[in-house]
Amino acid sequence: MNQYQEEAKQKWGNTEAYQASEDKTANYTQAQWTEIQGKMDDIMMTFAKYSKEGLTPESLPVQELVSKWQQFLTQYYYDCTNEILGALGRMDDADPRFRENIDRYGPGTASFLSKAIRKYCE
């Protein structure tokens, strides 16, 4: 188990969402993981594109993409409620590790995503 997986287990291992994710992902094949990663990359690259194009986090296309992100997380990992999504959005920009990972799609993508999620969850 890598450092991030261990940290996640320590923080959220006793939550329903964590257990659901463990159950749902336990039997994914390598091909499924590759497909899931590709879908995630597509969503994140679209956030980066929207940010670069100057769309605001409140704009309809961005808010629709947040909804798509929430549906993606629910489909492949756990029931991503607005409460969970909001917490993820705050972590995306506040935690340097998350920010660095998301900003690889384009500088400022993590902050843009965080603001879009905040608006979506209001």
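Guide: Buried here means under 20% relative accessible area, and exposed means over 50%. Keep in mind that we're looking at a predicted model.

Visitor: Fine. Which residues in α5 are buried?

Guide: Leu 85, Gly 86, Leu 88, Gly 89, Met 91 and Asp 92.

Visitor: What share of the contacts comes from residues 24 or more positions apart?

Guide: Take the contacts with a separation of 6 or more: residues 24 or more positions apart account for 61% of them.

Visitor: Let's do helix packing. At what angle do α3 and α7 pack?

Guide: Look at the angle and the axis distance together. Helix α3 (residues 30-53) packs on α7 at about 95 degrees, with the axes 9 Å apart. Since 65 to 115 degrees counts as roughly perpendicular, α3 and α7 are therefore roughly perpendicular to each other. On the α3 side, Met 44, Phe 47, Ala 48, Tyr 50 and Ser 51 meet Thr 109, Phe 112 and Leu 113 of α7.

Visitor: How does α4 pack against α7?

Guide: The angle there is about 90 degrees, and the axes are 9 Å apart. That makes α4 roughly perpendicular to α7. Val 62, Gln 63, Val 66, Ser 67, Trp 69 and Gln 70 of α4 meet Phe 112, Leu 113, Ala 116, Ile 117, Lys 119 and Tyr 120 of α7. The buried residues of α4 include Val 62, Val 66, Trp 69, Leu 73 and Tyr 76.

Visitor: Zooming in, what does Thr 109 touch?

Guide: Skip the neighbours within four places in sequence, and Thr 109 contacts Met 44, Phe 47, Ala 48, Ile 102 and Asp 103. Thr 109 sits in helix α7 and counts as buried because its relative accessibility is 0%.

Visitor: And Ser 114: is this residue buried or exposed?

Guide: Buried, with a relative accessible area of 5%. Ser 114 is also in helix α7, which runs over residues 109-121. Beyond its neighbours within four places, Ser 114 is in contact with Gly 89, Arg 90 and Asp 93. Gly 89 is one of the buried residues of α5.

Visitor: Last one: how many disulfides are there?

Guide: The general idea first: a disulfide is a covalent bond between the sulfur atoms of two cysteines. A search of the whole structure finds zero. The sulfur of Cys 80 has its closest cysteine sulfur in Cys 121, 7.9 Å away, and that is too far for a bond, because the cut-off is 2.5 Å.

Conventions:
Residues numbered from 1 in each chain as written. Predicted model: local features only at pLDDT ≥ 70, side-chain atom pairs only at ≥ 80, totals over all residues. Heavy atoms only, no water. Buried < 20%, exposed > 50% of the residue type's maximum accessible area, 1.4 Å probe, protein only. Helix = DSSP H or I, 4+ residues; strand = E, 2+ residues; numbered from the N terminus. Contact = heavy atoms within 4.5 Å. Axes fitted to C-alpha atoms, helices over the stretch in contact; angles between N-to-C directions. Parallel < 35°, antiparallel > 145°, perpendicular 65-115°, else oblique.
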